[in-house]
Structure formats: C-alpha cells, structure tokens
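Let's walk through this protein together, one region at a time. Have the sequence and the 3D view open as you read.

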Amino acid sequence: MSTAEIGLYRSQKLALRYFTAAVILFGVMILFGFLSSLYYLHPSMLFKVFDFNTSKMLHIDTLVIWLLMALMGSIYWFLPKEIGGEIAGIRFAEIMFWAFCVIVAIVAVVFIFVQYGHADEFSLWFINQGRKYLEAPRWASLGIVAVLLTFSYNVIGSAIKRRKMTGILWVLCLDLIPLVLVYTDAFAAQTNMSVDLYWWWWIVHMWVESTWEVLIGCIMAMMLMEIAGTSRRIVETWLYIEVMLVLGAGILGLGHHYFWIGTPEYWLSIGGFFSALEPLPLLGMVVHAIYDAGSHHLKNTNTPAFWWITAEAFGNFIGAGVWGFMMTLPQINLFSHGTQWTVSHGHFAFYGAYVCGVIAVFYLARQKYTGIEHLHGKGWWWGFGLLNFGMLGMVMALLLAGMAQAFYGRAIGGSTLMAFTDASQNAWFVAGMWARTGFGVVFALGYVALVWDLLAIRKRLPQAAAVSSPEPA
Amino acid sequence: MSPEAVLYSAGLCGLLTLAAFGYGAFYVGSKMLAVKLIYGAHGCYFIVAALAILIFLSTPLGIGWKILIVASAVVYAAVPPVTWRFLVKLHAPEEQHS
C-alpha cells in the first residue's frame, strides 16, 4: 500500500477500483467498436460464429457500463470531501462493487458464447432481453438495480449521518430518484413495438441523457472546486441553472426520438421545438467555459484534467448542439433517422458530454493517489490529441456515410430494403466506413496513450511533492 | 423534400449552429483577450443571420420551423452578452476578495 493510498478514505479506494474497472471496459468497448466497424467492410465476416449484432451489442453495453462505473466512482471519490468524512455503508458498497464486476463478467461470457436463445421467459431472464442498450438478462438488470440502490443509500445515508446537505448534495440526492426509478423500465416486455419503444426511449433519453447529465454536472461542480479553486457559490449557481435547463428543454426534447415509432403526430412539434432550443443553453456553457479558463489565466493544479474539462464543454456543444440540430427537425429527421448520421451524432455527443468529463476525474484521482501537488507535463497530450483527433475523424467519416445513406437510400431509394442494400454499397458510404475504421485505430492508439500516461504519472514526475491528505479512514 | 434539399437544409442548420458557436467564442475572447476579436464575433453573427435568412427563403422546411430558426437566430445574439454579464456579476465578490 502506498503512502498516498494510506491517506485516502475507503470510499476513495473504492472509487479507484471503479475507475480501474471503467478503464478496462473502455478498452473492451473500443475493441468491439473496432470489430463492429469491420463488419461494414466485410459483411460476411465470422458469419454464424460471431455475428455483427453480438459485437455491436457488446460495444454499446460496455459503453453504458463503463460510463456508469466511472460516474459512480467519481461520486465515491468526491463524496467524503463533500460530507467531511467516510461515507455511510462503505462495506456494503465494496461488496456491491465486486458483485457488479461479477455480473458484468457473466453477462459478457453469455453474450459471447450463448448470444441468444428461444423467444421465451428463460431467455429474458438468463440470456438476452433483446432490447438495444438493455440486452442484459433480467437477473443482471436486477443486480444493477441493487447496485444503484446501494449507491443511493451511500449518498443519502452519508448526508443524513453527517447532517450535512450542500446545494450539490441536494441536486445529487434528488437525481438518484430517477437514476433508480427510470432504470426499472429495463424490465418491460411489451408485445406492442410502439409501446415498447415509447418506454424504451425513457431509458435511453431520460436515464442515460437527462439523469446522467445532472450526475456529471454534480461531478464537474466538485471537480472545478478542486482543480481551479472555483467557489462553491459559483458552481452551485451553475448547477441549479443546468438542472433548470435539463427540466426545461431536455425532458421534452425526448420528443425527437418519438418521431417515427407510431406515436401521435403532436410529438413532431414538441420534439422539434424543444430540440431546437437545446443549443441555446449549450452556447451559454461555451461562454462560461472560456470565461473560466480565461479568468484563471489557464492556471490550475492539474493541466490534463483542466483540458479534458474544456474539451467536454466544446465537444458537448458541437456533438450535441451542431450535430443534433443538423438532423433534429422532423422534415430532415425523416431521412436521417437511424442512419450512420445518427451514429455520428451519438458518438460525438456521448464523447463530449461524458467521456471527456470522466477522463478529467481519472487524472484528478491519479494526481491525488500519487501524491503530486501540481500535475502538468506533456505526456498526456498524446492521449488527449489522439483520442480527440480519432473521435473527430470517426464522426466526420460517419457523417459522410450517413449522408450517403439518407441521400441514396432514403430520399432517392424510398427506404426500401433494396435501397438500403444499394446505399450500403455506394462509394461514398464505403469510403466513410473505411475512414471510420482508420480513425478508430487512431482512437484506440489514443486509449493506449491515455492508459500509459495514467500509469506512468508517478514515474515521470519524481519531483512530486506530497499532497495534503484527508483524515485517514 | 428532394434528396438535394435534405442535405442542403441539414447543412445550413448545422452551419448556423456552428457560426453561433464562433460568435460566442469570439465574443468572450474579445472581452478577455483582445478587443479586436469583437470583429470576429460580429462576422460570425452576420453568418448566423445570413444563414437564418437563407434557410427561411430557400429551404422547403415548414413555415413554423422557419420562424423558429429565425427566432432562435435572434436569441443567439443575446446569449453571449447576457451570459457574460451574469458571469461577471456572479464572480465579482470572489474577484474583489482576491
């Protein structure tokens, strides 16, 4: 056990385990993302051995799980400082971490070796629920609910035990309610596809987008106080504004997912209107990010974390704002929905909104763990540069391929199966998919550079001074 | 909507938002770094306004969506200055203290 580790709370040691698991799953996600991209170039690859749908399923599900683990780890990291002591129910939280890892491992083995079963209750409970993002069988989903309940108890119980409730904690505690409740939507097995999709989008939009958006807002608030010395009054004011915007534009922005799934026509107006409003607050966030960077003269105690936070503000605006607004109006969305254009938007928005933010927390935790007072240097640029360049290249390539699909397959071909097949062989589409795979390799190299940098921080900075430690657990 | 109009309309919508991003970035830059950057902000906002008009006049989008886009282009003009004033007011006590 290192000297720095002795100074950590048990909750923070648990956070480090969550971060380790998250980084490993991040790598697994990239691996299956790369494999999935190859199917577009060689459609018959591994036919009936390991099909595209299984690869894509592992890519998407590991995305959700690694980000969830990273977000939970971030809260476990910051919570002791926020409440001024060890969290409530830490032993239970430690047990649930290992339970979470075992659940993920078993589900991954079942997905890889069993893949799917018959259309019966047994398959729903033990093999695959067959709903995108929510393929995990019911027993595993119940396990995730148990993990989330434990997490909620840790946060709310700690606030009650310590009799401390800050503005950030209020927002966090209230956000835990939809974090648990909306996830229970994972168990539905509706036979009507429209009804099923209607509720399914609550998970994808409300749970993953809105609830997580507030969660990352709380994490960034605590992060900014830590690395830039921003006052609590300022970060809490912005957090309240963010919650207001999520409630105001984000919730009904859900409507843009309801366009073509058999819901009433009024969703076209509601979804289009609120989605069109979404870039406005994002522009305010960009102004704020530049203001913060400038007012501190780029001074901070952790340069990589600072730049990853900045990348988050920009990535969020361009990925969610620009890419989203390009395709959100119903008349355009009729052609772009479900093409690689959507995939491009999804990649960029997720990366901007969450990935950049949690990488910033990884760097902060690594700094505190290794006992470095000021983390600067240049090694982190490789990971930062390659990951951002790789992602930018991938989304541009996917945009090209998606526009080709919308143009040839949807608008000219009329969305028939033959038109889809023709569009998939179109030169623009194929070029886009090749470019996506190439930039995927760049992104994977960025991941390797990031992991190397996180591991090598202590070696590269032998002059590190000991950082002030919190009270030992 | 014709195949060309799909890409044309989407491209204009994306460029409009991107120009709004440039406007916001240049606006804050002009306040923090160099006053001359305000010309960049004005230039970007001119592009926002021009694109909104172009979308209104030349795309086959419904009239309701066209009005919404023009209205949002007007609101974009206010977002950076209003946010800036709010930020300055919010940070003022800390800056006086330091």
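What follows goes from the domains to their interface, then to salt bridges and a few individual residues.

This is a predicted model, in which local features need pLDDT of at least 70 and side-chain atom pairs count only at pLDDT 80 or more, while totals for chains, interfaces and linings use all residues. Residues are numbered from 1 along each chain as its sequence is written, chains are lettered from A and ligands numbered from 1 in the order in which they are written, and side-chain values use heavy atoms, with hydrogens and water left out.

Start with the domains. Chain A is assigned domain 1, covering 1-164, and domain 2, covering 278-468; the bounds come from an automatic or database domain assignment. Between the C-alpha centres of domain 1 and domain 2 of chain A there are 21 Å.

How do these domains of chain A meet? In chain A, 26 residues of domain 1 are in contact with 28 residues of domain 2, where contact means heavy atoms within 4.5 Å. The size of an interface is often given as the accessible area lost when the parts come together. Here, domain 1 and domain 2 of chain A bury about 2,300 Å² between them, with 84% of it on carbon and sulfur atoms; buried area is the accessible area (1.4 Å probe) that two parts lose on being put together, summed over both. Phe26(A), Tyr40(A) and Leu41(A) contribute 23% of the area that domain 1 of chain A buries against domain 2 of chain A, more than any other three residues.

Polar links across this interface can be counted too. Between domain 1 and domain 2 of chain A there are zero salt bridges, a salt bridge being a side-chain nitrogen of Lys or Arg within 4 Å of a carboxyl oxygen of Asp or Glu. Four residue pairs, both at pLDDT 80 or more, are in polar contact across the interface of domain 1 and domain 2 of chain A. A polar contact is a pair of N or O atoms within 3.5 Å; within protein, one must be able to donate a hydrogen and the other to accept it, and residues adjacent in sequence count only if both atoms are side-chain atoms.

Which helices of chain A make up the side of domain 1 that touches domain 2? Helix H1 (3-6), helix H2 (10-41) and helix H3 (52-83) of chain A each supply at least two residues of that side. Helices here are DSSP runs (H or I, at least four residues), numbered from the N terminus. H2(A) gives the largest share of that side, 13 residues. By type, the residues on the side of domain 1 of chain A that touches domain 2 of chain A are 20 nonpolar, five polar and one charged. Nonpolar covers Ala, Val, Leu, Ile, Met, Phe, Trp, Tyr, Cys and Pro, charged covers Asp, Glu, Lys and Arg, and the others, Gly among them, count as polar.

Now for the salt bridges. Glu94(A) is buried at 11% relative accessibility, whereas Arg10(A) is partly exposed at 32%; buried means under 20% relative accessible area, exposed over 50%, and partly exposed in between (1.4 Å probe, protein chains only).

Glu226(A) forms a salt bridge with Lys368(A), the closest N and O atoms being 3.5 Å apart. Glu226(A) sits in helix H8 and Lys368(A) in helix H14 (residues 340-370) of chain A, 142 residues apart. Salt bridges with shared partners connect Lys81(A), Glu226(A) and Lys368(A) into one network.

Finally, look at Asn128(A), in the loop between H5 and H6 of chain A. Asn128(A) is buried, with a relative accessible area of 13%. A polar atom of the Asn128(A) side chain lies 3.3 Å from the backbone oxygen of Gln115(A), and one lies 2.6 Å from the backbone nitrogen of Gly130(A).
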